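Trainee: I would like to learn how to read a model like this one. Please take me through some of its features.

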Amino acid sequence: MAQKVIGIDLGTTNSCLAVMEGGEPVVIPNAEGARTTPSVVGFTKNGETLVGAPAKRQMVTNPENTVYSIKRFMGRRLEEVPEETKMVPYKVKSGTHNLVVTEIRGKEYTPQEISAMILQKLKQTAEDYLGEKVTDAVITVPAYFNDSQRKATKEAGEIAGLKVLRIINEPTAASLAYGLDKKKSEKIAVYDLGGGTFDISILEIGDGVFEVKSTNGDTHLGGDNFDQRVVDWIADEFKKDHGIDLRKDPMALQRLREAAEKAKMELSSTQQTEINLPFVTADASGPKHLQMTLTRAKFEMLVDDLLRKTLGPCEIALKDAGLKPEEIDEVILVGGSTRIPKVQELVKEFFRKEPHKGINPDEVVAVGAAIQGGVLAGDVKDVLLLDVTPLSLGIETLGNVTTKLIEKNTTIPTRKSEIFTTAADNQTSVEIHVLQGEREFARDNRTLGKFILDGIPPAPRAVPKIEVTFDIDANGILNVSAKDMATGKEQSIRIEASSGLSEEEIEHMVKDAKEHAAEDKKRRELIDARNSGDQLIYQTEKNLKDYGDKLDVTTKNKIEAAVSRLKEALKSDNLQEIRSATDGLNQVWSEASSAMYQQQTAGGGGATAGGPKEEATTEQPSPGKAKKAGEAYKEKYEEYHKKYEELHDQFLRLRAEFVNYRKRVEREKIEFSDYLKTEMIKRLLPVLDDFDHMLAKSEEGSNDQAVLEGAKMIYNKLYQTLKTEGLEKIEALGKEFDPQIHEAMMLQNTTEKKNHNKVLSVFQEGYMLRDRLVRPSKTVVGNYVEPEEEN
């Protein structure tokens with residue numbers, strides 16, 4: 001069986017995963033049932049690392065230790081991201097080669113390590129879905145990512161235990177998904193506006209050939225920037241009314257960010273939205289609540305200049321491709337931010353045609369990456385992808401001038417050599433300063449790396465001949481070499497400074513990631529053991545209540561002692577003791593059950609059936625005949641046996657593949673059924689919420705008992721209907737905060753230690769559909785503070 005190659009869209013806000021199945025790309029849902037995974041990593045107080053939705057749900061209570069939008073810092077130096085640094089609550093500082101690192105709970109993490117944690121979750125999701133180990137991947141990057149950002153992405157994959165077969169541009173991947181079945185030649189524009197980056201690519205596609213003509217973009221522009229404008233507007237309005245700047249409170253700021261993102265999304269389908277944040281802050285006069293209305297017109301005014309910034313790269317990309325807007329046959333919208341109506345309006349206005357809306361902007365890049373994975377694995381035939389390098393590459397020459405060897409929009413892979421010479425008499429070494437960018441002078445472009453070629457024989461200036469070669473691979477990653485033509489001496493560079501990590505550091509991080517995976521597994525095992533223990537105690541106590549009168553005193557005492565031991569074990573973190581106590585209780589209860597059955601059948605006669613044994617005899621061949629037959633058929637037997645083993649191996653492989661396929665089909669049927677029910681329940685839940693609010697208000701002040709009783713009847717009837725579909729309310733109040741099923745809306749200080757990290761109140765009920773989370777409980781979480789001493 002060929003090794004599956006997964007396609008990954010490693011996004012700023014969300015990531016998506018796909019694979020080729022039966023010749024078709026399939027988006028793989030994660031463990032929570034969602035088709036995209038939040039690109040968020042949270043580090044809890046007890047040392048647990050959360051990735052995806054659980055990490056996002058605890059952001060409000062843990063903003064300084066929750067990392068999101070890490071893609072904005074991939075391969076970046078600190079001085080390149082001043083605005084991005086202000087937008088996040090976690091600590092961002094300078095690391096090796098002045099590249100960005102984050103500091104969480106006293107430990108430094110590179111963006112590659114954080115991204116690797118997200119990739120590890122996606123890798124695990126793929127393995128759970130496919131039922132086999134996954135090692136090969138195609139990962140997408142913004143088309144305008146430079147060399148260091150591409151290298152950093154590849155390194156993140158390696159740290160996560162993936163062999164990154166190819167790094168491809170996101171718009172190119174989207175074009176693969178759009179144009180796989182297109183036979184006629186088309187010129188298309190892919191407008192990709194995601195959470196943190198913007199790209200525009202012009203391609204010519206048709207009959208299996210995908211040729212990128214030009215690309216441009218802005219790696220500092222995306223949906224996060226729109227959210228920040230809304231956050232600033234809300235904070236400014238609140239400050240006008242109450243004199244409090246919510247941006248100075250990390251928890252309040254995180255709630256603002258979530259509210260801003262939600263408002264932005266709602267305004268794509270409605271003309272105005274309400275922003276309600278109860279208990280957002282407090283002062284001497286008491287708690288403060290935030291309630292505002294944001295209209296679509298106001299939102300468009302807030303972000304108008306940002307949206308128009310996308311048109312400049314569009315103009316440059318068209319000019320580089322030698323095309324006019326009207327010559328574009330189709331405009332493909334990619335990225336969640338293209339759902340904003342104003343974006344669609346601007347695109348239509350610029351390209352003078354309605355943009356294509358037939359593909360899911362959140363999934364299309366991952367689907368394209370999976371198709372490219374299929375090409376590399378040999379599952380997809382007759383597809384030729386011709387991508388380009390987004391920025392020019394060159395070296396510094398005399399006078400601080402950048403001399404370009406490879407121009408932007410050159411089709412890759414490519415190789416280019418040029419001859420250079422010395423600038424001074426008797427110069428025995430030269431420094432090769434590698435640059436990326438479009439500016440004329442070296443100081444204005446990005447330094448990718450420097451290296452020295454020495455051992456040049458002394459000679460007058462301009463006599464030595466030095467050949468400099470630039471080689472860009474299919475991933476868009478650069479290798480540079482310099483050779484003295486007289487001596488043949490050569491020096492090359494793997495530009496480590498551009499991403500900040502050496503091979504040794506990557507290996508160390510891979511090892512570290514595996515160790516953390518083992519720690520997380522142990523932690524998960526402890527949680528599962530605790531849950532199993534809790535369930536066993538509950539079931540045992542229930543059984544004792546129901547059947548205790550059928551047990552003798554000794555047996556009952558044994559069971560109660562085993563229950564007490566398990567309860568004590570659950571108070572500790574000793575996994576072995578919890579398992580031992582669980583096994584002990586199971587054993588005691590098993591013995592008790594056997595005793596009960598024996599009591600019930602005591603006095604009854606047991607019947608046994610049997611009869612005389614018949615001995616079978618077979619005639620044994622003589623040794624002489626057996627030997628003769630063995631010699632006659634020995635060669636044939638070995639030949640057939642070898643063929644049998646080969647066919648048997650093929651059969652086992654095919655059977656395993658079929659069994660895995662059948663399992664996936666069954667699982668997908670259940671998941672699809674649950675998905676439909678989940679969607680139906682999501683539509684009905686607001687009705688339940690409205691009843692909740694109405695009942696609360698009625699009980700506060702209404703005297704109309706008949707209306708109240710009627711409302712209760714309707715509420716109970718609706719809830720029972722949903723319960724028959726498998727819906728269960730999450731009992732959150734008073735429980736330990738669990739980001740797997742709870743979402744923290746705010747922290748509330750408490751002087752009682754027992755209430756630390758406990759759910760003190762519930763804003764909105766959460767629900768499960770069997771083992772699938774429909775929505776988490778929105779909660780207020782306790783935060784222990786030392787009581788003030790009385791004077």
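This is a predicted model: local features need pLDDT of at least 70, side-chain atom pairs count only at pLDDT 80 or more; totals for chains, interfaces and linings use all residues.

Trainee: At what angle do the axes of helix H8 and H10 cross, and how close do they come?

Mentor: The axes of helix H8 (residues 296–308) and H10 cross at roughly 50° and come within 10 Å. The crossing of this pair, H8 and H10, is right-handed.

Trainee: Which residues make the contact between H8 and H10?

Mentor: On the H8 side they are Arg296, Glu300, Asp304, Leu307 and Arg308. H10 contributes Pro341, Lys342, Val343, Leu346 and Glu349.

Trainee: How do helix H9 and helix H10 pack?

Mentor: Helix H9 (residues 311–321) packs with helix H10 (residues 341–351) at an angle of about 30°, and their axes are 12 Å apart. Angles under 35 degrees count as roughly parallel, so H9 is roughly parallel to H10. The crossing of H9 and H10 is right-handed. From H9, Leu311, Cys314, Glu315 and Leu318 meet Leu346, Phe350 and Phe351 of H10.

Trainee: What is the angle between helix H5 and helix H11?

Mentor: Helix H5 (residues 170–179) and helix H11 (residues 364–377) pack at about 80°, with axes 7 Å apart. The range from 65 to 115 degrees counts as roughly perpendicular, which means that H5 is roughly perpendicular to H11. Residues of H5 in this contact are Glu170, Ala173, Ala174, Leu176 and Ala177. Those of H11 include Val364, Gly368, Ala369 and Gln372.

Trainee: Let us turn to charged pairs. How many salt bridges does the structure hold?

Mentor: There are 43 salt bridges in the structure. One to look at is Lys4 with Glu21, where the closest N and O atoms are 3.2 Å apart. This pair links distant parts of the chain, 17 residues apart: Lys4 is in the segment before strand S1 (5–9), and Glu21 is in strand S2 (residues 14–21).

Trainee: What about the backbone: which residues does a cis peptide bond join?

Mentor: Ile412 and Pro413 are joined by a cis peptide bond, with omega about 0°. Pro413 is in the loop between strand S22 (411–412) and strand S23 (414–420).

Trainee: And what is phi of Asn98?

Mentor: Phi of Asn98 is near 65°, a positive value in a residue other than glycine. Asn98 lies in the loop between strand S8 (91–94) and strand S9 (100–104).

Trainee: Last, the surface. Which residues form a nonpolar patch there?

Mentor: Phe672, Tyr675 and Leu676 form the patch, and together they have about 310 Å² of accessible area. Phe672 is placed in helix H16 (residues 623–701).

How values were computed: Residues are numbered from 1 along each chain as its sequence is written. Side-chain values use heavy atoms; hydrogens and water are left out. Patches are made of residues with over 30% relative accessible area and no salt bridge: like charges are joined within 9 Å, nonpolar side chains (Val, Leu, Ile, Met, Phe, Trp, Tyr) within 5 Å. Accessible areas come from the Shrake-Rupley method with a 1.4 Å probe; for residues, only the protein chains shown count as cover. A salt bridge is a side-chain nitrogen of Lys or Arg within 4 Å of a carboxyl oxygen of Asp or Glu. Helices (H or I, at least four residues) and strands (E, at least two) are DSSP runs, numbered from the N terminus. Axes are lines fitted to C-alpha atoms, for helices over the stretch in contact, and angles run from 0 to 180 degrees between N-to-C directions. Angles under 35 degrees count as roughly parallel, over 145 as roughly antiparallel, 65 to 115 as roughly perpendicular and the rest as oblique. A crossing is left-handed if the near helix is turned anticlockwise from the far one by less than a right angle, and right-handed if clockwise. Contact means heavy atoms within 4.5 Å.
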